[in-house]
Amino acid sequence: LRNKKTSEHYMRRIASLLIMVCMALAFTSACTIEPVEEVEYLDVNANNISGKWELAEWNGFPLADGTYVYLDIVRNDRTYTMYQNFDSFRDIPHIITGSYALETDPELGAIIRGSYDHDSGDWAHRYIIKDLTASSMLWIAKDDPDFIQKFVRVESIPVE
């Protein structure tokens with residue numbers, strides 16, 4: 001009779017331990033699971049890239065404090081206006097206008113190239129546009145894959 005009570009006692013302890021282990025595992029797995037946010041990538045076309053954009057990162061780093069580049073890309077006539085202060089006084093934007101064209105390379109995907117108005121010539125690079133979403137896009141120089149610019153969509157350009 002004593003062996004039977006001892007055996008039942010151990011069985012209850014083992015069952016309790018198993019329940020506690022299962023609860024701990026369930027709690028741990030519930031705490032570590034993070035919802036995966038699905039990103040909707042857009043086709044690169046004049047409609048999807050049109051709008052107002054801010055250069056947020058250059059080669060993986062944010063711009064220096066007080067420095068900015070904004071692009072206003074217009075779909076209808078394939079023109080753009082750039083507001084930047086890299087080569088001007090910090091509080092006075094240098095406004096650059098021009099036109100752009102999109103082409104598709106079978107291996108690289110969508111490529112944007114452009115020219116400046118006022119006889120300034122073509123852009124220094126052609127850019128592969130990657131990871132276009134409703135709120136951001138990457139421009140990677142076709143001739144220098146380490147030259148990467150990340151743009152984020154903005155509601156308005158504060159220096160217009």
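Ala-134 counts as exposed because its relative accessibility is 52%, where exposed means over 50% relative accessible area, buried under 20% and partly exposed in between, for a 1.4 Å probe and protein chains only. The structure is a predicted model, in which local features need pLDDT of at least 70, side-chain atom pairs count only at pLDDT 80 or more, and totals for chains, interfaces and linings use all residues. Residues are numbered from 1 along each chain as its sequence is written, and side-chain values use heavy atoms, with hydrogens and water left out.

Ala-134 is located in the loop between β8 and β9; helices (H or I, at least four residues) and strands (E, at least two) are DSSP runs numbered from the N terminus. With residues up to four places away in sequence not counted, Ala-134 touches Leu-42 and Arg-153, a contact being defined by heavy atoms within 4.5 Å. A separation of 7.8 Å was computed between the C-alpha atoms of Ala-134 and Tyr-41, which are 93 residues apart along the chain.

The protein contains two helices and ten strands, arranged along the sequence in the pattern α-α-β-β-β-β-β-β-β-β-β-β. Of its 160 residues, 28% are buried. Among contacts with a separation of 6 or more, 38% are between residues 24 or more positions apart.

Leu-55, in strand β1, is buried, because its relative accessible area is 4%. The C-alpha atoms of Leu-55 and Phe-151 are 4.5 Å apart, although 96 residues separate the two in sequence. Besides Phe-151, the residues that Leu-55 touches are Leu-63, Val-69, Gln-149 and Lys-150, not counting residues up to four places away in sequence.

In soluble globular proteins, nonpolar side chains tend to be buried together.

Nine aromatic pairs are present in the structure; rings of Phe, Tyr and Trp (its six-membered ring) pair if their centres lie within 6.5 Å, with planes under 30 degrees apart counted as stacked, over 60 as edge-to-face and the rest as tilted. The pair of Tyr-127 and Phe-147 is tilted, because its planes lie at 35°, and its ring centres are 6.3 Å apart. This pair links distant parts of the chain, with Tyr-127 in strand β8 and Phe-147 in strand β10, 20 residues apart. Both Tyr-127 and Phe-147 are buried.

On a 1 Å grid over the protein atoms alone, a pocket is an open set of points where a 1.4 Å probe fits, with protein on both sides within 12 Å along at least five of seven lines, and lining residues have an atom within 4 Å of a point. Among the 17 lining residues, Val-69, Met-82, Tyr-116, Tyr-127 and Gln-149 are the closest to the centre of the pocket. The lining comprises 14 nonpolar, three polar and no charged residues, where Ala, Val, Leu, Ile, Met, Phe, Trp, Tyr, Cys and Pro count as nonpolar, Asp, Glu, Lys and Arg as charged, and the others, Gly among them, as polar.
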